[in-house]
Amino acid sequence: MSDNQTQIDNRPPSVAALFLERVERTPDAEAYRHPVPAASGTGPDDWKSLSWGQAAQRVYAIAAGLIDLGVRPEERVALASSTRVEWILADLGVMCAGAATTTVYPQTNAEESAFILSDSESKVLIAEDAAQLAKAVERRADLPGLHHVVVVDPEGADTSEEWVLTLAELEARGAAYLEKHPEAVKERVSAITADQLATLIYTSGTTGRPKGVRLPHDNWSYMAKAIAATGLVTGDDVQYLWLPLAHVFGKVLTSGQIEVGHVTAVDGRVDKIIENLPVVQPTYMAAVPRIFEKVYNGVAAKARAGGGAKYKIFQWAAGVAREYAKVTQDNFRRTGTASAPFGLTAKHKVADTLVYAKIREAFGGRLRACVSGSAALAPEIGYFFSGAGIHILEGYGLTESSAASFVNPGEAYRTGTVGKPLPGTEVRIADDGEILLRGPGIMEGYHGLPEKTAEVLEADGWFHTGDIGELSPDGYLKITDRKKDLIKTSGGKYIAPAEVEGQFKAVCPFVSNILVHGADRNFCTALIALDEPAILGWAADHDLAGRSYAEVVAAPQTERLIQGYVDRLNEGLQRWQTIKKFRLLPRDLDIEHGELTPSLKLKRPVVERTYKELIDGMYEGSRES
């Protein structure tokens, strides 16, 4: 048995235990960095640091405060907040009290928040601010089991009622409790068993109520050890963490960090990413494909705005990057060396000076790798960044598998695949192509839904992912589509819409979101939402300056522009996959309208329902068989 496997098999029962070990080992090392608004109220944020010892002081105070409020092991404490350092401290506090965290996205409306709080039977809610508190107050009558709300940032919040207290008050209460019971937190942690509930994450279902995924402590302990065993991250790394921590992808990164012991800079404000990267200078970060698509579109738009010559250089450099990435990855696979022919290397060197170096600088200049997950990254965008020296390691997992089941192995990564299984995770492909997983990362089941659990989890531990994929002879997994998203035309041809959508994102620098439709129809159509900054930049140079987004999208010259890209897409598709008609949407798809999940995945049924008339209109007058 390898050392890696031994380490994973001999894991402690919980991440709470790992946290205590980490604090004991490196109390003075830097653990977290977080932004604090400048004292003047203007200018860039100041960044403050917390050592592991300082973080522990706050975590123990939160844990003891919850114990003092009467929270017992495995009882639920909900956490409704955006990504910030207090989220991590509160989550660790909940776990160190032996309780379980119910995660709630801050964008969740009052009705769904109340459903999650009620279904999970949460006793305490840790709310970020006045807006999150207001949702609980509005639905208080529906939540008899909710005894307290703890407000992280109390500005503008009414904390006068007895059942509401601030995080500072909870910590003060915990500190006082620890003076009387100094071993209380350590006793709770040592009593945690591997099968005890740690986290309840509600999946944002595309239909019906969300389901609570029960993830016991052992899931996170396994994930922490398995991530360390991949060797992808080291104690010297600086991670930039902005992903929603209510999502399993963000949450798993906090477990890995505790085991490895590197620094994490935490700021969930998506609009600050571009500003923060040169300040934080991360060595690695995780993101969803939409972020890389936005960066790519932004770089292309900037080049276009610089005039014809600049745009030509960018297009040439993008082509070189893709060619270089494909050749070097292929050579690495065959020979173990990422080499390229002399001529291509020379072109790459020139392109690096003109284009790629500036892109790397925008990412902070020290980035070794990015991990991409949650949805498929269009391979052409992956190859572009790979050739530009931004190595995107795609991974794969689900809420039900604690996020990280597969990841690309460092230098040996292959664009277009999600890499190899984490140590300790088994995979097999069913006869119909569905990916099945088994291992210590798989959920216990859906909360209070034994029938739903039985639908996806076999008695021998195999979990049905609902995704279709194929394994290479040497163990790399390629996801081809969601089982339920495969569409069959009326002519009997199967189409993977995500594959066509990904290819379009690679050819069209103006697209934000695209939905390919064609189930039970005799041809495929598409709904296309454009990237607002990119298309308005183009519009300014094409007699549409000063027009609103909706006006630009409705203009015939915009339709002609996008038609050109659809034609280019169609050239590389099988006849039955081609997009015969498309419609440009009057606004982008978003989370607020329920069209995207909080991790920016497309909710197909919602979009198809919302734009049913547009879709039906594209088939009017055609002979449907």
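Predicted model: local features only at pLDDT ≥ 70, side-chain atom pairs only at ≥ 80, totals over all residues.
Figure 1. How much of each partner is left uncovered? Arg84 comes out as partly exposed, at 22% relative accessibility. Glu128 is buried, with a relative accessible area of 8%, which falls under the 20% cut-off.

Figure 2. Asp330 is partly exposed, at 30% relative accessible area. Arg334 is exposed, with a value of 56%, and so lands over the 50% cut-off.

**Figure 3. Arg587 and Glu595.** Zoom in on another salt bridge, this one between Arg587 and Glu595, where the closest N and O atoms are 2.6 Å apart.

**Figure 4. A network of salt bridges.** Asp45, Asp267, Arg269, Lys272 and Glu275 are linked in a network of salt bridges. As background, side chains of opposite charge can pair when their charged atoms come close.

**Figure 5. The largest cavity.** Searching the whole structure turns up three cavities of 30 Å³ or more, and this view shows the largest, with a volume of about 90 Å³. Which residues line the largest cavity? They are Ala80, Val104, Ala110, Ser113, Ala114, Leu117, Leu125, Gln132, Lys135, Ala136 and Leu143. Helix H5 (110–119) and helix H6 (130–138) each supply at least two residues of this lining, and H5 gives the most, with four. Sorted by class, the lining has eight nonpolar, two polar and one charged residues.

**Figure 6. The second largest cavity.** The next cavity has a volume of about 40 Å³. Its lining is made up of Val15, Trp87, Ile88, Asp91, Leu92, Met95, Lys251, Thr254, Ser255 and Ile258. Helix H4 (85–96) and helix H10 (248–260) each put in at least two residues. Which helix supplies the largest share of the lining? That would be H4, with five residues. By class, the lining of this second largest cavity splits into six nonpolar, two polar and two charged residues.

**Figure 7. Gly250 in helix H10.** Stay with H10, the helix in which Gly250 is found. Gly250 is buried, at 0% relative accessible area. Look across to Ala287: 37 residues separate Gly250 and Ala287 in sequence, and their C-alpha atoms are 9.1 Å apart in space.

**Figure 8. A nonpolar patch on the surface.** Ile313, Trp316, Val350 and Leu354 form this patch, and together they have about 330 Å² of accessible area. Two helices are involved: helix H13 (308–335) and helix H14 (342–362) each supply at least two of the patch residues. Val350 is found in helix H14. How accessible is Val350, and what does Val350 count as? At 44% relative accessibility, Val350 counts as partly exposed.

**Figure 9. Two loop residues with positive phi.** Gln281 is not a glycine, yet its phi is positive, at about 50°. Gln281 lies in the loop between helix H11 (273–280) and strand S12 (284–287), and counts as partly exposed at 34% relative accessibility. Ser402 is another residue other than glycine with a positive phi, here near 60°. Look for Ser402 in the loop between strand S14 (392–396) and strand S15 (406–407). Is Ser402 buried or exposed? Ser402 is buried, with a relative accessible area of 0%.

Notes. Residues numbered from 1 in each chain as written. Heavy atoms only, no water. Patch = residues over 30% accessible without salt bridge, like charges linked within 9 Å, V, L, I, M, F, W, Y side chains within 5 Å. Areas by Shrake-Rupley, 256 points an atom, 1.4 Å probe, with all protein chains shown as cover. Salt bridge = Lys/Arg side-chain N within 4 Å of Asp/Glu carboxyl O. Buried < 20%, exposed > 50% of the residue type's maximum accessible area, 1.4 Å probe, protein only. 1 Å grid on protein atoms, 1.4 Å probe; cavity = no way out; pocket = protein on both sides within 12 Å on 5 of 7 lines; lining within 4 Å. Points joined across faces, edges and corners; volume = space filled by probe spheres on them. Nonpolar A, V, L, I, M, F, W, Y, C, P; charged D, E, K, R; others polar.
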